Each structure stands twice: as C-alpha cells, then as structure tokens.
Amino acid sequence: MLRRFLIVILFFPLALRAATLPPLAGEDQFGQPCALSSDTRLLLFSHDKAGSHLAMEAIARLWPDGDAPMQLVVDTRDVPGWVMSWFMLPKLRRHNTPLCLDEQGVMTRALLPEEGQVLLIGLNNLSIEEQSGFTDIDALAEALEQIPRS
C-alpha cells in the first residue's frame with residue numbers, strides 16, 4: 001500500500017505539468033506579441049530545426065495558402081540573432097499560419113519533446129486534452145487531415 005502511494009506521489013507532478021499548457025510570451029513572425037487564447041483549439045509545436053521543417057512541410061502540403069486552422073509554436077532559443085533576422089524571419093513572414101516564436105524555450109522545458117519531433121496538441125480552454133508526437137511527414141499529414149475544415 002505504501003509503495004503504491006509513493007509511486008503516485010512521485011509521478012503526480014509529471015501528470016500536473018502535462019495537464020495545463022504553460023504560458024507563452026513571445027512574438028510572432030511580424031514582431032507582434034503573441035499569446036494563446038482560450039479559443040485556441042490546436043497547437044503544433046516544434047523545438048528544433050528538424051521538427052520545424054517537418055511542421056512547415058506538413059502545413060504547406062495541406063494548406064498551400066497558409067491558412068492552417070492552428071497555431072504553430074517554434075522554439076528559437078538556440079538560433080543566433082543574426083540568423084533569425086537575416087534568414088528565418090524573412091522566410092517565416094511569407095506564411096499566413098499564426099506562428100509564435102518561443103525565444104526563451106518556455107514550452108520546450110515544460111513539454112519535453114524528442115529531437116526532430118512535432119507535437120500536435122489538442123486544447124480546451126488552454127488545458128491539454130490530447131497530445132501526439134510525430135517524426136514522419138506522412139503520419140503528421142494524415143493526422144492533420146483529420147482536422148475539420150471550417
């Protein structure tokens with residue numbers, strides 16, 4: 001009995017951490033403050049270059065006009081400033097999909113994705129309802145195709 005109690009106590013903080021989305025304070029690709037609102041239902045999150053490319057390729061494949069019904073959060077804490085301003089931002093400004101650039105990696109530390117992984121997170125009032133990780137473009141595109149088009 002004591003053993004079960006200790007196991008629950010040890011893993012309870014992990015369950016709490018995953019239940020609520022951490023706050024996001026960053027800027028979008030146009031330099032405007034961005035934050036998730038209670039209306040946000042779907043979040044696509046990547047924390048490294050491979051994951052970002054995977055997410056952007058899936059979005060471009062399914063929504064060529066850039067009108068994806070989701071928010072994409074990209075962890076940019078390891079990107080040098082000159083690379084961001086000279087190369088990344090001009091490229092990201094060509095996309096209409098709402099982006100948040102997580103410059104401090106707040107969500108990365110909270111959600112702990114694997115290398116090259118994209119997390120597809122379903123939200124309800126900023127609480128995580130479901131979370132799936134993808135490292136394959138076809139699997140990610142198939143999951144994104146299931147999203148109802150509005």
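Biologist: What volume does the largest pocket have?

Modeller: In this predicted model, the largest pocket has a volume of about 530 Å³. Of the 18 residues that line the largest pocket, Lys49, Ser52, His53, Val74 and Met88 are the closest to its centre.

Biologist: Which elements give two or more residues to the lining of the largest pocket?

Modeller: Those elements are H2, E4 and H3, and the largest share, five residues, comes from H3.

Biologist: What makes strand E4 largely enclosed by the rest of the structure?

Modeller: A residue is called buried when its relative accessible area is under 20%, and five of the five residues of strand E4, which spans residues 71-75, are buried, so E4 is largely enclosed by the rest of the structure.

Biologist: Which residues of E4 point one way, and which point the other way?

Modeller: Gln71, Val73 and Asp75 point one way from E4, while Leu72 and Val74 point the other way, and all of these residues are buried. As a general rule, side chains in a regular strand alternate between the two faces of the sheet.

Biologist: How do you know that E3 and E4 pair?

Modeller: Pairing calls for at least two bridges between the strands, and strand E3 (residues 42-46) is joined to E4 over four bridges in the parallel sense, therefore the two strands count as paired. Within this pair, phenylalanine 45 stands opposite valine 73 in E4.

Biologist: What do E3, helix H2 and E4 make?

Modeller: Together with helix H2 (residues 49-62), E3 and E4 make a β-α-β unit, and this unit is right-handed.

Biologist: Through which helix does the chain cross from E4 to E5?

Modeller: The chain crosses through helix H3 (residues 81-92), and this β-α-β crossover from E4 to E5 is right-handed. E4 and strand E5 (residues 99-102) pair in the parallel sense over four bridges, with leucine 72 standing opposite leucine 99 in E5.

Biologist: Which residues of H3 are buried?

Modeller: The buried residues of H3 are Met84, Leu89 and Leu92. They cover an arc of only 60° around the axis, which puts them on the same side of H3, and what covers these buried residues of H3 includes H2 and E5.

Biologist: Why are Trp86 and Phe87 called exposed?

Modeller: A residue is called exposed when its relative accessible area is over 50%, and Trp86 and Phe87, which lie on the other side of H3, are in that class.

Key:
Residues are numbered from 1 along each chain as its sequence is written. This is a predicted model: local features need pLDDT of at least 70, side-chain atom pairs count only at pLDDT 80 or more; totals for chains, interfaces and linings use all residues. Side-chain values use heavy atoms; hydrogens and water are left out. Buried means under 20% relative accessible area, exposed over 50%, partly exposed in between (1.4 Å probe, protein chains only). A crossover is right-handed if, with the strands pointing away from the viewer, the path from the first strand over the helix to the second runs clockwise. The arc is that of the directions from the helix axis to the C-beta atoms. Contact means heavy atoms within 4.5 Å. On a 1 Å grid over the protein atoms alone, a cavity is a set of points where a 1.4 Å probe fits but cannot get out, and a pocket is an open set with protein on both sides within 12 Å along at least five of seven lines; lining residues have an atom within 4 Å of a point. Grid points are joined across faces, edges and corners, and a volume is the space filled by probe spheres set on the points.
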